Amino acid sequence: MAEVEPVPEAVLNATDSNGTEALNATAKFVATPEGTALAYGSLVVMALLPIFFGALRSVTCSKSKNSADAPETITSRDAARFPIIASCTLFGLYLFFKVFSQEYINLLLSVYFFVLGVLALSHTMSPAMARIFPPSVPNKQYQLLFTQGSGESKEEIVNYEFDTKNLICLVISSVVGVWYLLKKHWIANNLFGLAFALNGVELLHLNNVSTGCILLGGLFVYDVFWVFGTNVMVTVAKSFEAPIKLVFPQDLLEKGLEASNFAMLGLGDIVIPGIFIALLLRFDVSLKKNSRTYFYSSFLAYIFGLGLTIFVMHTFKHAQPALLYLVPACVGFPVVVALVKGELTEMFRYEESSEEAEPKEEMESGESEKKKDQ
């Protein structure tokens, strides 16, 4: 789920265009310093984009009155169970790849992620499409309704409303999906991966900072164990042909878009710290001080942690559990800032629902004061 793959010169076998081990690799690929720097730099930039824009969109999402756009809130109980569920899922995939044919498993996964990727990319593109859509073109409304039964017993199974803008986004996303399905090209993989990451940061909300600490702490242990304790994480990452990781070729300068030797970053290393950083941005907004101190401090902490991960990986030529470096940085930096500013208690008391409760309390107190005046 979350690991950074070392440079291929440390791997005995070369990798093919899908990120899996090549069967016929008689010579090791040695990345040039320029190619390595370009690959790692691109991975860092690609990791930062969904965190930054996903966090900004999470603020709007939290204020949305549309139930269809309502975020999924992670509670402390969910956070405590998540590493266990993730471990079972990871080990289950590992056993599947060991027992069954990798080709057929990846075929099923490709179709599954094709559908999810098209929807995620379409949702990601929607705000941009709303801005560039020509006013002269009519924006027609559509509804996809699927029901079961008839008369009074009729029950809605699917009731999806969309417009021309959404339809255009869906068509463009479908073209990318077909490209990914047929070619498994790394650019198509990254488009889907970025969409998954941005949607995750936007729509997965932690209810408070304590829950974030529980989640990140649990996945810290999970990541370290499965990367350093076993070969399960690395094996699944290389075998799993799905856009659950961002990849960038280290031989791009030599081979162009047909390059095939990749450095990779798991989406878990983006989404998990990303939802915590997004929570801190919403906390900044709740303070109503027109500053984004906690957001920027955690964002810089993420850059520091990811840079440290790449440095250690490149030095020791071994896959690294990125959360080993990202979790202490992303939690530690904001906590230190809160201590300096004397807002540590306020930060840990912040609840997602508190923003919605405050206006109601003000309204109720205002109504009671009016009644007293009367």
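Which element gives the largest share of the nonpolar patch?

**Figure 1. Overview of the predicted chain.** This is a predicted model, in which local features need pLDDT of at least 70 and side-chain atom pairs count only at pLDDT 80 or more, while totals for chains, interfaces and linings use all residues. Residues are numbered from 1 along each chain as its sequence is written, and side-chain values use heavy atoms, with hydrogens and water left out. The chain has 13 helices and six strands (DSSP runs numbered from the N terminus, with H or I over at least four residues for helices and E over at least two for strands). Of its 374 residues, 46% count as buried (under 20% relative accessible area; exposed is over 50% and partly exposed lies in between, with a 1.4 Å probe and protein chains only). The accessible surface is about 19500 Å², and carbon and sulfur atoms hold 64% of this (Shrake-Rupley method with a 1.4 Å probe; for residues, only the protein chains shown count as cover). Take the contacts between residues at least 6 apart in sequence: 76% of them join residues at least 24 apart (contact means heavy atoms within 4.5 Å).

**Figure 2. A nonpolar patch on the surface.** Here you can find Val-115, Leu-119, Tyr-142, Leu-167, Leu-170, Val-171 and Val-175, which together have about 580 Å² of accessible area. Helix 3 (102-132) and helix 4 (164-183) are the elements that give two or more residues to the patch. Helix 4 supplies the largest share, with four residues. Tyr-142 sits in strand 2 (residues 141-148) and is partly exposed, at 33% relative accessible area. Patch members have over 30% relative accessible area and no salt bridge; nonpolar side chains (Val, Leu, Ile, Met, Phe, Trp, Tyr) are joined within 5 Å, and like charges within 9 Å.

**Figure 3. Helix 5 packed against helix 9.** Helix 5 (residues 186-203) and helix 9 (residues 268-287) have axes 8 Å apart, at an angle of about 35 degrees (axes are lines fitted to C-alpha atoms over the stretch in contact, with angles from 0 to 180 degrees between N-to-C directions). Ala-197, Gly-200 and Val-201 of helix 5 meet Ile-270, Val-271, Gly-274, Ile-275 and Ala-278 of helix 9. Also in helix 5 is Glu-202, which is buried at 7% relative accessibility. Beyond its neighbours within four places in sequence, Glu-202 is in contact with Gly-54, Arg-57, Ser-58, Cys-61 and His-123.

**Figure 4. Salt bridges.** Side chains of opposite charge can pair when their charged atoms come close. The whole structure holds five salt bridges (a side-chain nitrogen of Lys or Arg within 4 Å of a carboxyl oxygen of Asp or Glu). In helix 2, Arg-81 and Asp-78 lie three residues apart, about one turn of the helix, and their side chains meet at 3.2 Å, N to O. Asp-251 pairs with Lys-255 at 3.7 Å; Asp-251 is buried, at 0% relative accessible area, whereas Lys-255 is partly exposed at 46%. Glu-343 and Lys-341 have their closest N and O atoms 3.9 Å apart, and these two residues join Lys-289 in a network of salt bridges.

**Figure 5. Ile-84 and Gly-218.** Ile-84 belongs to helix 2 (residues 76-99) and counts as exposed, at 57% relative accessibility. Ile-84 and Gly-218 are 134 residues apart in sequence, yet 8.7 Å apart in space, C-alpha to C-alpha.
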